[in-house]
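Welcome! Please take a moment to look it over before reading on.

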Amino acid sequence: LDSAACSQRVSQHRKTMLQIEKLSIAFNGLATSIGEKYAALSANHYVASNMLGLITLPNELLVRIFEFVVFGDRLGTRWRPAVTLSHVCQFFRETMLSCPQLWTDISGSSKIASLSLSRSKDAPLDVLVRFNNMFFPLELDNILPEALIHVKRWRNLTVHLLPKDTFMPGSVVIKGMYTFIRVFGEVDAPLLQSFSLFNYSGNSLRGDSTTFARWNTQNLSVL
């Protein structure tokens, strides 16, 4: 072969190698994509298999599992796992909404508290309210007014007195309240068993024999 023919062969080989390289890159990308889709399908199959196993359980046993999840962390806010479970699938949602005892944690934002109040139906409630700066002016959670409507269902009441500069989104200010107890007004809570007060405000608490005079809590056993 003369030099011109050799140069042409080398040029053709280079073009062929470039085409093969492009095909190799394309096939490698396709293989990677197929591998990722296979992994995702395998994961979905695993989740679906587990979900099918839960769905086929007797409803009473599934409710016990939900109770274990919701009430498992006594130090946490129970509405979080309750909301999460209600968004897994339609079957889980229907099961959760049929169990008012799983929605008895009245805390968090006013929206969450209102949701829990409606879904708890007639079940006894565990209420957490927060106060910012216990003296004039008094700042408190927005959940209290709606929670007071259901005061006859209160089982446990927890009050947090927070430091003055604590930021509380969605809170309101009530002027003219010199003790936080007056905010509750006349409390008729026949089911109330426990009242816990955590004072983080740095202020001392003062009260007298009339502080709880307007409270009807004949079943209160833990203070």
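Let us begin with a pair of helices. Helix α2 (residues 59–71) packs against helix α3 (residues 79–86) at an angle of about 140°, and their axes are 8 Å apart. Helices (H or I, at least four residues) and strands (E, at least two) are DSSP runs, numbered from the N terminus. Axes are lines fitted to C-alpha atoms, for helices over the stretch in contact, and angles run from 0 to 180 degrees between N-to-C directions. The angle makes α2 oblique to α3; angles under 35 degrees count as roughly parallel, over 145 as roughly antiparallel, 65 to 115 as roughly perpendicular and the rest as oblique. From α2, the residues F66, V69 and V70 make the contact, and from α3 the residues P81, A82 and L85 (contact means heavy atoms within 4.5 Å). Sorted by class, this contact of α2 with α3 has six nonpolar residues, no polar ones and no charged ones. In these classes, Ala, Val, Leu, Ile, Met, Phe, Trp, Tyr, Cys and Pro count as nonpolar, Asp, Glu, Lys and Arg as charged, and the others, Gly among them, as polar.

A word on where this comes from: the model is predicted, local features need pLDDT of at least 70, side-chain atom pairs count only at pLDDT 80 or more, and totals for chains, interfaces and linings use all residues. Residues are numbered from 1 along each chain as its sequence is written, and side-chain values use heavy atoms, with hydrogens and water left out.

What does α2 meet in helix α4 (residues 90–97)? Here N59, L62, V63, F66 and V70 of α2 meet F91, F92, T95 and M96 of α4. The axes of α2 and α4 come within 11 Å and cross at roughly 80°, so these helices are roughly perpendicular to each other. The contact of α2 with α4 divides into seven nonpolar, two polar and no charged residues.

Now look at the sides of these helices. In α2, the buried residues are L62, V63, F66 and V70, where buried means under 20% relative accessible area, exposed over 50%, partly exposed in between (1.4 Å probe, protein chains only). The arc is that of the directions from the helix axis to the C-beta atoms. On the other side of α2, E60, R64 and F68 are exposed. In α4, the buried residues are F92, T95 and M96. Seen down the axis of α4, they fall within an arc of 100°, so they line one face of the helix.

I112 lies in helix α5 (residues 110–119), S194 is found in strand β7 (residues 194–199), and T217 is in the segment after β8 (215–216).

| Residue | Relative accessible area |
|---|---|
| I112 | 15% |
| S194 | 13% |
| T217 | 18% |

Which residues do they touch, leaving aside neighbours within four places in sequence? I112 is in contact with W79, V83 and S107. The C-alpha atoms of I112 and V83 are separated by 9.1 Å, with the two residues 29 apart along the chain. S194 is in contact with R155, N156, L157, L220 and V222, while T217 is in contact with A189 and L192.
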